[in-house]
Structures are given as structure tokens and as C-alpha cells.
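Welcome! Here is a short briefing to read alongside the structure, with the main points grouped by topic.

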Amino acid sequence: MRRFAVLTFAALAATACSRGASTAPPSATAAAQMQTIDNVPPRPAQLQQPSVLQDEAPPPKPKVMPWETPTPVVMSPEDEKLRANLPFSPAIAMDPIDGSKISIRASTPTVEFKGKIFYFSSEENKRTFSSNPSEYMKEGFTKL
């Protein structure tokens, strides 16, 4: 009986090998076509070349025109003394009326209100603030 089973198994194996892959079950052919990291030869990924700009950007515009000569800021000894006594640096303030930046000097108009010193770009702004300071305290300039 054992001989019969061994001969039958050998005959089936021989016929299966002689049929080839064309008659193999569909799952076997799909497994043969599947590519995995183990059965695919390693090769680098193909990347596309980045686009190349044909022209360069224009040069940046100069901050000062060539015909203009910048005037240096000359500080007086009083200005230097005032700036040395300020508790903050740089000595730049913001006008609460119009929001302009002010370089603090000895001649800069100032008002003290509720223990704070306010700097102004002009005497007119100082008078406007002095007439009703609480109105300008509510606006956004003081909250910056």
C-alpha cells in the first residue's frame, strides 16, 4: 500500500511539473508577478530635475538715491546727557497722537501723566494730548 501511495505521489508531481506555469492556479501566477523588496534588484529612485530660472532677479532698489547725500545725525551734549539718563535703549518713543516714531532729544516735547512720561513729535501734539489725556490713553497707541 505504501508503494502505491509513493508512486501516485511521484506521478502527480511529474505531471504538475510538466504542465508549466500556464496551467498553474491563478493565485500562483499572481504571486510570481508580485514584486517585493526581496525579489527586485536595488536601484535609485528616478528624480525629476528642478526647473532652472532663465533670468536673474533685478538688483534691489537702493534705500538712498545716488544724488542724495545722507546727513549724519549730530547729537548735542544735552541730548547725550538726556539719553544716558533714560532707563531704556534705544532712545526712541512713539507719539500717542499720531503714532509716529520719535528720536528722543533734549528738545523733544514731553508730558508726565499718571507717573508716565509721554513724548511728542510737535508742540501741537503735546497741546492736543494735554487738553484731554484720558481720551488718548484709551486708544491703541498706548497698548503697543
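K114 is exposed, because its relative accessible area of 70% is over the 50% cut-off. Please keep in mind that this is a predicted model.

- The phi angle of K114 is near 55°, a positive value in a residue that is not glycine.
- This residue belongs to the hairpin of β3 and β4, where two residues lie between the strands.
- The two strands, β3 and β4, run antiparallel to each other and are paired over four bridges.
- Across the pairing, E112 faces I117 in β4.

**The two faces of β3**

- In a regular strand, side chains alternate between the two faces of the sheet.
- For β3, V111 and F113 are on the covered face, while T110 and E112 are on the uncovered face.

**The nonpolar cores**

- Which residues make up the largest nonpolar core? The seven members are I97, V111, F113, F118, F120, F129 and Y136.
- Another core, of six residues, lies apart from that one, and its members include L86, I102, I104 and Y119.

**Aromatic rings**

- A pair of aromatic rings is described by how far apart the centres are and by the angle of the planes.
- How many aromatic pairs does the structure hold? There are four.
- In one of them, the ring centres of F113 and F129 are 6.2 Å apart and the planes meet at 90°, so this pair is edge-to-face.
- That pair links distant parts of the chain, since F113 belongs to strand β3 and F129 to helix α4, 16 residues apart.
- Are F113 and F129 buried or exposed? Both are buried.
- F129 also pairs with F120, in a tilted arrangement with 5.2 Å from centre to centre and 50° between the planes.
- Like F129, F120 is buried.

**N125 in helix α4**

- N125 is part of helix α4, which covers residues 123-131.
- Why does N125 count as buried? Its relative accessibility is 10%, and the cut-off for buried is under 20%.
- Leaving aside residues up to four places away in sequence, N125 touches D95, I97, D98 and F120.

Notes: Residues numbered from 1 in each chain as written. Predicted model: local features only at pLDDT ≥ 70, side-chain atom pairs only at ≥ 80, totals over all residues. Heavy atoms only, no water. Core = buried A, V, L, I, M, F, W, Y, C linked by side-chain atoms within 4.5 Å. Buried < 20%, exposed > 50% of the residue type's maximum accessible area, 1.4 Å probe, protein only. Contact = heavy atoms within 4.5 Å. Phe/Tyr/Trp six-rings, centres within 6.5 Å; stacked < 30°, edge-to-face > 60°. Pairing = 2+ DSSP bridges.
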